[in-house]
Amino acid sequence: MERLQEMIMTVSQELSCHTTSRRVAEHLDQHDDLSHLRQEFFIPKISDLPPSDLSLVDGSEDCVYFVGNSLGLQPKSAKKYIDEELEKWAKTGIHGHTEGSRPWAWAEENLESQMAMVVGAKPEEVALMNGLTVNLHLLMLSFYNPTPKRHKILLEDKAFPSDHYAVESQIRLRGYIPADSMLLIKPRQGEDTIRMEDMLSVIEREGEVIAVIMLSGVQYYTGQFFDMQAITKAGHGKGCFVGFDCAHAVGNVELRLHDWNVDFACWCSYKYVNSGAGGLAGAFIHEKHIYTIKPALLGWWGHNLKTRFHMNNEMELQSGVNGFRLSNQPILLVCPLQASLEIFNKTSMKDLRRKSVLLTGYLEFLIKHYYCKDEFQPDKPFVDIITPSDPEQRGCQLSLSFSLPIKAVFKELERRGIACDLREPNILRIAPVPLYNTFTDVHRFITVLGSALSATEKLHCS
């Protein structure tokens, strides 16, 4: 944060303006080496967003889209690729399975090397298939083998509901009781995020009875980025398997799933990876398990491609994560994922992360400047950031709480062309995504936030 403040101070001095001036944001955008990537996406206009109130804003402007942590923007080439496959289906019918630039029978396999670079894995450790929760169940069926001595699953309290439900059902499936076998780790009393020393302490203390550690990479509610490498090392030290739901981490932070020795992971692709709602999900199994971990459920697509169509019903199982495939992947879901991964391929996660740290830090800087709690003005509306301030412990999301009613603030922001995300009970999630968001977006948001807070305060006091 100090380095960022020094940079902002230097820029403002060069421009002879205040550190909070929009000119600083415009300068940072002009010197952003990744700014061209924004042109690869469709940015919704304010007038096209249903909640917008055109009496308050200019509808012809691009909206401020800070909700890529829930649904990423559409890559411009996605429609082109989908149209190509619809045309191929119309003209060639069944021949589309094996012909064209993306044969339907193995189209997703052409993308796995690109996906592997985003998650820090070897291509053979990654499969694109199913949805996130389906993949989580398939992986847990093989990695969670409870015994009377070692039967617990460690996950964070208030994990994303899909993870919580999946873990509960896996425990019941194996004849155990969630109340006994689900070990939830919580923040300390009065705190919002989990301290790393507490996480490691729980693993050290309870590790002998933990079968699987199953955590988020980035926690969806708080935006906290867990130290996946340290957690994995600690878990392995106690004989546990360690897996992660990377739904909010993939495409957001630098992942090194292979180097960190993570046992397994899964993720959706429609948040930071921009594949569209319900897009094709991904799964990872470390190559060290290639001969020891087998799928509990088999499907035709887990059979070796070279002999798959011999139809002899003698399974020739693909090794590693590829053996976990069940069915051929929907080509219309492969297309937008290809469109997005091609954009990722024009840069690197290292460069995206570098910009993200600056972009999110700039947002934090402006929020604290304008909207921190003021002891000399106790009635002034204020904003609290519950996401860790340390860039190493967060991605691009900041989770905000307000002194004013949050639903009213959210409504006023939406009326003014801000796309963000309200999460119960009392958090607004703001995510400046480095692929397509700008420093000027951040400055616009801060300006609009002031108007939204003023409007909410008037309503609240009337």
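Reader: What makes the side chains of E84 and R102 a salt bridge?

Author: The gap between them, N to O, is 3.0 Å. A salt bridge is a side-chain nitrogen of Lys or Arg within 4 Å of a carboxyl oxygen of Asp or Glu, so the E84 and R102 pair at 3.0 Å qualifies. The pair links distant parts of the chain, with E84 in helix α3 and R102 in the loop between α3 and α4 (112-119), 18 residues apart. In general, side chains of opposite charge can pair when their charged atoms come close.

Reader: Before we go on, what am I looking at?

Author: This is a predicted model, where local features need pLDDT of at least 70 and side-chain atom pairs count only at pLDDT 80 or more, while totals for chains, interfaces and linings use all residues. Residues are numbered from 1 along each chain as its sequence is written, and side-chain values use heavy atoms, with hydrogens and water left out.

Reader: Is R102 buried or exposed, and how do you know?

Author: Buried means under 20% relative accessible area, exposed means over 50%, and partly exposed is in between (1.4 Å probe, protein chains only). R102 has 4%, so R102 is buried.

Reader: Which other salt bridge does R102 make?

Author: R102 also meets E85, with 2.6 Å from N to O. R102 sits in the loop between α3 and α4 and E85 in helix α3, so this pair ties together parts 17 residues apart in sequence. E85 is buried, at 4% relative accessible area. Salt bridges that share partners join K80, E84, E85, K88 and R102 into one network.

Reader: Why are D83 and K79 said to be about one helical turn apart?

Author: Because D83 and K79 are 4 residues apart in helix α3. Helices (H or I, at least four residues) and strands (E, at least two) are DSSP runs, numbered from the N terminus. The side chains of D83 and K79 meet in a salt bridge of 2.9 Å, N to O. D83 is partly exposed at 35%, whereas K79 is exposed at 53%. A search of the whole structure finds 35 salt bridges.

Reader: What makes L86, W89 and L332 a patch?

Author: Patches are made of residues with over 30% relative accessible area and no salt bridge, where like charges are joined within 9 Å and nonpolar side chains (Val, Leu, Ile, Met, Phe, Trp, Tyr) within 5 Å. L86, W89 and L332 form a nonpolar one on the surface, with about 310 Å² of accessible area together. Take L86, which lies in helix α3 (residues 77-92). L86 has 36% relative accessibility, so L86 counts as partly exposed. Such areas come from the Shrake-Rupley method with a 1.4 Å probe, and for residues only the protein chains shown count as cover.

Reader: How do you know that S216 makes a polar contact with E156?

Author: The side chains of S216 and E156 are 2.5 Å apart. A polar contact is a pair of N or O atoms within 3.5 Å; within protein, one must be able to donate a hydrogen and the other to accept it, and residues adjacent in sequence count only if both atoms are side-chain atoms. S216 is found in strand β5 (residues 210-216), and S216 counts as buried at 5% relative accessibility. Contact, meaning heavy atoms within 4.5 Å, brings in E156, D163, F226, F244 and D245, not counting residues up to four places away in sequence.

Reader: Where is T387, and what does its side chain reach?

Author: T387 is in the loop between β9 (383-385) and β10 (398-402). A polar atom of the T387 side chain lies 2.8 Å from the backbone nitrogen of S399. T387 is buried, at 4%. Leaving aside neighbours within four places in sequence, T387 is in contact with T222, G223, R394, Q397, L398 and S399.

Reader: Stepping back, how many helices and strands are there, and why is the protein called as compact as a globular protein of its length?

Author: The protein has 13 helices and 13 strands. Its radius of gyration is 23 Å, close to the 23 Å that the globule rule gives for 462 residues, so the protein is as compact as a globular protein of that length. That radius is taken over C-alpha atoms, and the rule is 2.2 Å times the number of residues to the power 0.38. Of the 462 residues, 55% count as buried.
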